[in-house]
Amino acid sequence: MAVFLKQKVAINKIIMNSKYNNTHPNSGAGAHSDQHRKLNKNDAKTLGLSALGGALEFYDFVIFVYFANVVGSLFFPADMPEWLRQVQTYGIFAAGYLARPLGGIIMAHFGDIFGRKRMFMMSILLMSVPTFAIGLMPTYASIGIAAPLLLLFFRVLQGAAIGGEAPGAWVFVTEHVSKRHVGLACGILSAGLVAGILIGSLVATGMHTSFTAEEISDYGWRLPFLLGGVFGFIAMYLRRWLHETPIFKEMQESRELAVELPIKTVLREHTPSVVVSMAVTWVLTAAVVVTILMTPSLLQKLVNLDPQVSLEANSIAIICLLFGSIVCGALGDRFGNGPIMIIFSIGLAISYWFFFSTMMHDTTHLFSLYGLVGFFAGLTGVVPSIAVKSFPAAIRFSGLSFSYNVAYAIFGGTTPMIVSLMLSEDPLSPAYYVAFVCGVGVLASLAVMRYHSRLDLIASPAR
């Protein structure tokens, strides 16, 4: 009993007196006085420009995977076994993910101390330059082993950039809107990032439609990367019109910014939040990397599906994912993030299992079934809302960035290689993998719901 009372007093003290240890981004210091206001024009402008910039930057990061087969044939020796070339190509793809934590932690550190907007601009520049450079690179036939090494270097720079982009964008938009719209804001921004994947899919589809395989291998593969560089510079220009978040401004004015290395505080005081955020990010990686990015290539190899048809179906799935993200985020605001995460995790596991097992012998309903998978992959809309609410404002950028990027580096970066190796044992391995990870998502969601219910119970004035 004494222990319970001690815990009750401690938690009540945190809830009543702490300016930052609230589960809502816009609570405590820096909170808007109109937490229940509707979205206004400034909110719409911030969300629109952030989502558009995120779409253009995410295109730069994912376009690599759509041309992985071509890049692999051009940047590695011609006599290399096909399976080894594929593994090494995806290894370079994974390097971008492995670089995310370092880039994210560095940019988040300065974002928590000097401002969200500055790092929001920096991530764009760091992404667009290497993307443009990849489009101009000489291949293995011209410079030998230096070609894959340079490709690896530029991919690492891209990873560092995206490591700061997604967490920075989520923090940026949620600190602009009212508490009641945090989930919707995350959903809209996630939809913007998904739109970047859609642009990549449409560009890849257009390339395969307009050019022959020989033309793409000869010079056509460069065009999407050069276009990505241009997209990046456009996004950087658009973000000039954004303003620093009210939360950060108020913390800055009241001198309540982090007084020590933010990541140190995160690891010392917020380990449970890190674990939960990493768990839901793992689900996000399965939803994006396996069901969206890898599936077209998998279908081409396993059932000899025409590349153009697979990419067209992929575009449908991405459009459904885009709408699913917004719906999922909005439902999280209405019914709670935990229950919605559970529903969408179960829906993704079942729909992808049915879709993938069906495609092994019948592709008649390719578009409709893939679209259903895409909608449930919209759980990407609620994942950032769970993570951003897990950390106090003073170290929010660092906490979210560390959790998200480390999880993406571990799970997202290695997933293509793991799934590729598993395929040698069972063609349904991608479906097994997605189902397992969705189970992790259900457990993480239950933990979120249990934590919030306990917090509400102990803090309730009626007790």
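Visitor: Leaving aside its neighbours within four places in sequence, which residues is methionine 137 in contact with?
Guide: Contact here means heavy atoms within 4.5 Å. Skip the neighbours up to four places away in sequence, and methionine 137 is in contact with Phe75, Ala147, Leu150, Leu151, Phe154, Trp221 and Arg222.

Visitor: Before we go on, what kind of model is this?
Guide: Residues are numbered from 1 along each chain as its sequence is written, and side-chain values use heavy atoms, with hydrogens and water left out. Local features need pLDDT of at least 70, side-chain atom pairs count only at pLDDT 80 or more, totals for chains, interfaces and linings use all residues, and the model itself is predicted.

Visitor: Back to methionine 137: buried or exposed?
Guide: Methionine 137 is in the loop between helix H6 (116-136) and helix H7 (140-143). The cut-offs are under 20% relative accessible area for buried and over 50% for exposed, with partly exposed in between (1.4 Å probe, protein chains only). Its relative accessible area is 2%, so methionine 137 is buried.

Visitor: How many helices and strands are there in the protein chain?
Guide: Both are DSSP runs numbered from the N terminus: helices are H or I with at least four residues, strands are E with at least two. By that count, the protein chain has 21 helices and zero strands.

Visitor: What percentage of the accessible surface belongs to carbon and sulfur atoms?
Guide: Accessible areas come from the Shrake-Rupley method with a 1.4 Å probe, and for residues only the protein chains shown count as cover. For the protein chain the total is about 18,700 Å², and the share of carbon and sulfur atoms is 68%.

Visitor: How are H9 and H15 oriented, roughly antiparallel or roughly parallel?
Guide: The axes of helix H9 (residues 182-210) and helix H15 (residues 307-335) come within 7 Å and cross at roughly 175 degrees; axes are lines fitted to C-alpha atoms, for helices over the stretch in contact, with angles from 0 to 180 degrees between N-to-C directions. Under 35 degrees counts as roughly parallel, over 145 as roughly antiparallel, 65 to 115 as roughly perpendicular and the rest as oblique. So H9 and H15 are roughly antiparallel.

Visitor: Which residues does threonine 205 touch, not counting those up to four places away in sequence?
Guide: Threonine 205 is part of helix H9. With 11% relative accessibility, it counts as buried. Beyond its sequence neighbours, threonine 205 touches Gln308, Leu311, Glu312 and Ser315.

Visitor: How far apart in space are tyrosine 59 and isoleucine 197, C-alpha to C-alpha?
Guide: Tyrosine 59 lies in helix H2 (residues 41-66) and counts as buried at 0% relative accessibility. Tyrosine 59 and isoleucine 197 are 138 residues apart in sequence, yet their C-alpha atoms are separated by 5.6 Å.

Visitor: What is the relative accessible area of leucine 379?
Guide: Leucine 379 is in the loop between helix H17 (366-376) and helix H18 (383-388). Leaving out residues up to four places away, it touches Val283, Leu284, Ala287, Cys328, Met341, Phe344, Ser345 and Leu348. Leucine 379 is buried, with a relative accessible area of 0%.

Visitor: What is phi of asparagine 304 near?
Guide: Asparagine 304 is in the loop between helix H14 (271-302) and H15, exposed with a relative accessible area of 68%. Most residues other than glycine have a negative phi. Asparagine 304 has a positive one, near 55 degrees.

Visitor: One more: what arc around the axis do Thr415, Pro416 and Val419 of H20 cover?
Guide: Thr415, Pro416 and Val419 are buried in helix H20 (residues 415-422). They sit on the same side of H20, because their arc is only 95 degrees, taken from the directions from the helix axis to the C-beta atoms. So the arc is 95 degrees.
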